[in-house]
Structures are given as structure tokens and as C-alpha cells.
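Reader: I am new to this structure. Could you walk me through it?
Author: Gladly; let us look together.

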Amino acid sequence: LTTGVQPTATVELLGLLEKANFTLDQLERTLSGRIHEPLPQNSREVLDLLDRHKYFENDLRSLEPDLERIQQQYHQLNRNQRTPEVETKLSLVVEKWEQLASQSKLYVDRLKASEQLHKALDELHATIHEHEKSLAMHRSLSSDPRQLNSTTTQLQALQSSMELNQPRIDHLGQDVMAIKQLVMRSKPGVV
């Protein structure tokens, strides 16, 4: 009785898999475009990108119930209806969804690391600005010994403050390396 025509349940499932694959392809293009954009240049850009990406994550998450329904339909098929074509397409769709979820998380981690770096840079910039103002006050030195003592004490306090900030500067280097690693992990095949 095999006429070469697939049973209705199989055809319906293949249609759902094609639709899910099409939607996932669109999401993949969107995410790939975002991943290949340059890193944001300031905290405001980071927040805008994080807000924009929430919509992407909602779209991706909204597919999860459809994928669960597709998997349930697959498990309801009898062995003869579970053709290699159906199995392959189901595996590809599930794998693509999982890969997109993973890449999306990496993208968010990358943005959050960038946000942390920008905040640290802003704080350090403010500290440096304060040090510059303090140094500018000492352009001319008085010949009065008491005032010289006071100036010496202020400059020593400034030096001490700068030394205390050295770990923050060192930490910035670590933050930059963390972002580089996240960028490399989020761009497979790109060195």
C-alpha cells in the first residue's frame, strides 16, 4: 500500500519544521549581524544594545513552545513515519535553537563585560581628573617652609592615592582580556 506519498502527520511535521527553521534562520542572521558589529563605545550604547537584544531573546524564547510541540508530534509518529528526513530536520532545528540560545548568552555576556569596562574607565577618568586638578594647584611653590611642608604632604597624599588606584588600572587590563575572549568565543571561525 505504499504509494510514495507521505502520511499527513509526517507532511504536517515537515511543514512545521520548515517554518521553525525559517524563523531560526532569520534570528540567526540578526544575531550574527549584532555579533559582528563593533563593540559599543560608551555605557549608553551598551544599555541601548542590551535593551534591543531583549526583544531578540523574547523572540527566541517564544519559539520554545513550538519546538516542544514539534518534538511531541515527532514522538507521536510511528516508526515508519519517522523518516530520516524528519529526524535530520528535527535535529537541525533543535541544534540551531540551542546554538542561538548559547550565542545570545555570549553576546549578552560580552555586552555586560563591555558595560563593566566602560564604568571602570569612567570612574578612573574621574579620579585622574581630580588628580590633575590637585596637581594644577601646585604650579608654583612658595618659599615659606610651612607652606612647602603642606604642599609636600598634599603631594605625598596624591601619590599615595595614585598608588591605591594601580590595582584598578591593572583590573582594566583583565577586563579588556575578558572582553577579547568573549568576542573570540562569540565569533566562531574568526581569529
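**Contacts, cores and a helix pair**

Author: Setting aside neighbours within four places in sequence, L13 is in contact (heavy atoms within 4.5 Å) with I70, Q73, Y74, L77 and V86. This is a predicted model, where local features need pLDDT of at least 70, side-chain atom pairs count only at pLDDT 80 or more, and totals for chains, interfaces and linings use all residues. Residues are numbered from 1 along each chain as its sequence is written, and side-chain values use heavy atoms, leaving out hydrogens and water.

Reader: Which residues touch the most other members of the largest nonpolar core?
Author: They are L13, L17, L24, L60, I70 and V86, out of 27 residues. A nonpolar core is a set of buried Ala, Val, Leu, Ile, Met, Phe, Trp, Tyr and Cys residues joined through side-chain atoms within 4.5 Å, with buried meaning under 20% relative accessible area (1.4 Å probe, protein chains only). Helices α1, α2, α3 (64-76) and α4 (84-136) each supply at least two residues of this core; helices here are DSSP runs of H or I, at least four residues, numbered from the N terminus. The largest share, nine residues, comes from α4.

Reader: Why is α1 called roughly antiparallel to α2?
Author: The axes of α1 (residues 8-35) and α2 (residues 43-62) cross at roughly 155 degrees. Angles over 145 degrees count as roughly antiparallel, so α1 is roughly antiparallel to α2.

Reader: Which residues of α1 and α2 meet?
Author: L24, L27, T30, L31 and R34 in α1 meet R52, H53, F56, D59 and L60 in α2.

Methods:
Axes are lines fitted to C-alpha atoms, for helices over the stretch in contact, and angles run from 0 to 180 degrees between N-to-C directions. Angles under 35 degrees count as roughly parallel, over 145 as roughly antiparallel, 65 to 115 as roughly perpendicular and the rest as oblique. Buried means under 20% relative accessible area, exposed over 50%, partly exposed in between (1.4 Å probe, protein chains only).
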